[in-house]
Amino acid sequence: TAPADFISNVGTGVRDFFYEPINGAVHGPRQFIEGLEAGTQSLARGVFVGVVRGAANVTELVNANLVGLTADEEYIDERKAHQRLLTDALSRGNTARTFGDSLHLAGASVARSFKSGALGILEQPAMYASKHGPVGFLQGVGKALVGAVVKPVVGVGDAAVLVMNHMSDATSTQRVLPKIPKRLRRALPNNSSQKLNCVRLMPYDERAAKAQKIVTGGESLDDVYYGHLQIPSHLIIASQQCLWAIDRRSREPWCANWEEVSHFSRVEGGVRVVVFSSNAGLKSYTFYVDNQDDATKLYDLLTMHSEKMGNSSELSSTLLSTKPENLSRHAIPGVKSRQVNHIFGSCNIDHSGQDLMAKDEIDLVEQCFTRVKRMGSESATFFKTLDEEAWHLVTTWGLLFTGLSSKRCLVAGVINGTGGPIQIKSTKLVEGGSPCYTIPTKEFDPVQGVLHAGGCILFFGWGVAPNLHQDGNVFMSLETNGFVSNLATFKSRDTFAEAMPGYQVGFLEKSVDDSGWWAKMWLIVKRKS
């Protein structure tokens, strides 16, 4: 469009340069001089506006291609979102933008790009190293250096476009009438989490539109609004990917992916939602409502996404509906002693300062095996000690493999709460760099491959060192006569546990490191009552 804009503006100036004097000469000499002056001004204005707008369009085009060299998707998305919000804000405004406003926006664009370039030098090498190992570290350093140069250039280019557009708008005689502020896009509640286009046609609701803007990030995020509910303490919003709870006083948002939600249940006065936390195990949030109608609406809104959650509603109603801190006191068939109060995952505290007791990975597994095989459910600290052993595997592994030799690891514990034996049919790493090691308590029969009632098994495995060809992830597959499950060191819907007929299975913990270096999970299997 740059050549077309230039020709249009210059053409208008040339036309006025000849037309205005001729039109003035018809009325007299004085009018001829005035027409000559007006035509000359129009020609100069047309050339200036044409050149400036053309330069702005070319700069914008160069920036759009140059930003791709950064290979930083977060920066690219942030820049697009900022430009979209800026365009929307300018189109809604009804006051003239001053040159000072344009300089302020231009300066912010430059500062934002310099900041992103500096942060990239610190963050990108570590990020690529976590994915691809030593080679990835070098790749991250290269991309960080390119970004440190290119991002400020893009920021200066964006600033120049803002200033040039302001100059051309201020010089041009074609005044753009301020647009009447537009309402936000209509929000259409969804009837099904499985059918994205199954929506309800509703009258325009400004609150629903604002809730939709929150979950879509002002149209910059790939998410879909499903519904919302105002309760006394929070604004609850459900989207295709997340559950939102925004405090109505502080405006502070809380958000969890549906995969991070364990289960939910009705309680007196409201609904309790239990989520997986990487450093606290299961954590509950209770949302109180004013009346039963709101409780039903909130429950139905959550039910729509129950298939995406970590635990089944059947197991939740029989075992997990109580507060997580009371779970250890449940009467679990086969567990001989009443357990002390413990939440699986609550021991996940950084122990980086502890002494390294293992020589290598095999020694680590053997030491853990020796300790765990002597444990039994007659101890009141049975669950607590096993959870600490699982976390010890993770922390010691982090001490054995650090820096460029880092590898990912996964530990999964299984509790037999069926009241009878379960057959361990198959344990393997579909993706990884080791066998799937079995570390059982004394209730396990290694000859028959049977875990007796009340017993537990830790399954442990690790991946290869990350490189350009492999991320080094760990993907574990477990198969028993009570359930099958797929577990991974990364957050994914492929991480699940499915009960076999006559059984129930659920996660007591699903902790995944934010950088994907480790994952720690606990499952319990029960018979259907």
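1. S239 is buried, with a relative accessible area of 0%; buried means under 20%, exposed over 50% and partly exposed in between, using a 1.4 Å probe and protein chains only. This is a predicted model, where local features need pLDDT of at least 70, side-chain atom pairs count only at pLDDT 80 or more, and totals for chains, interfaces and linings use all residues. Residues are numbered from 1 along each chain as its sequence is written, and side-chain values use heavy atoms, without hydrogens and water.

2. S239 belongs to strand 2 (residues 234–239). Helices (H or I, at least four residues) and strands (E, at least two) are DSSP runs, numbered from the N terminus. Leaving aside residues up to four places away in sequence, S239 touches V215, D223, V224, Y225, Y226, W244, W258 and H305. Contact means heavy atoms within 4.5 Å.

3. Strand 3 (residues 242–247) runs antiparallel to strand 4, and five bridges join them. Two strands pair if DSSP finds at least two bridges between them. A245 has W254 of strand 4 as its bridge partner. Five residues lie between the strands of this hairpin, where R251 takes a positive phi near 65°.

4. Strand 4 (residues 253–257) alternates. W254 and A256 point to one face and are buried.

5. Helix 8 buries E361, D363, L364, V365, C368 and V372. These buried residues pack against helix 9 (382–400), strand 10 (437–440) and strand 13 (456–462).
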